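Visitor: Please take a close look at the aromatic pairing in this structure. Which rings pair, and how are they placed?

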Amino acid sequence: MTRGALERLARCLDDQLTVLRHLCFKFEVQEIVLSGGRHQWLNETTAELERAVRGVHDTDRVLRDALAKGAVALGLSPEATVREVAEVAPEPWGYIFGQHREELQRSVARVAQLSRTNRQLLHRGHAATTSALQFLGAEV
């Protein structure tokens, strides 16, 4: 039972990393669209980002379940973190979960950074559009 729970947890961590990398990719595509002035593609990139975020949420639910089951299989609380599981899991699982945890942290930090950058680009684009419309005498 323990081995199966740990294998499932490792697969779920891999899946979470995959969808986070995909989300980063979609943010980078949106950044290229925004910084390149290709606003005609903004709706499409936003829709793709929304699908990628849904993918993260979907895999997160599965990951949380696998983490709880893996933790219980190791004698921990079902609310245990990946760090806590990694600390008590036998090798090679402890190492594997520790590596996954570090990669997840890096991916989440990258998503946050890309999100901030894109928000800034959107804000600047909105401000420039508003300014141009005001210059043309349009009511904003």
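Guide: What follows describes the aromatic pair and then the chain around it. This is a predicted model, in which local features need pLDDT of at least 70, side-chain atom pairs count only at pLDDT 80 or more, and totals for chains, interfaces and linings use all residues. Residues are numbered from 1 along each chain as its sequence is written, and side-chain values use heavy atoms, with hydrogens and water left out.

Searching the whole structure gives 1 aromatic pair (rings of Phe, Tyr and Trp, the last by its six-membered ring, with centres within 6.5 Å). The ring centres of W93 and F97 are 5.9 Å apart and the planes meet at 25°, so the pair is stacked (planes under 30 degrees apart; over 60 is edge-to-face and the rest tilted). Both residues belong to helix α4 (residues 93-135), where a spacing of 4 residues separates W93 and F97 by about one helical turn. Helices here are DSSP runs of H or I, at least four residues long, numbered from the N terminus. An α-helix has 3.6 residues a turn, so residues three or four places apart point the same way. W93 is buried at 16% relative accessibility, and F97 is buried at 0% (buried means under 20% relative accessible area, with a 1.4 Å probe and protein chains only).

Of its 140 residues, 36% are buried.

Terms used: Helix = DSSP H or I, 4+ residues; strand = E, 2+ residues; numbered from the N terminus. Buried < 20%, exposed > 50% of the residue type's maximum accessible area, 1.4 Å probe, protein only.
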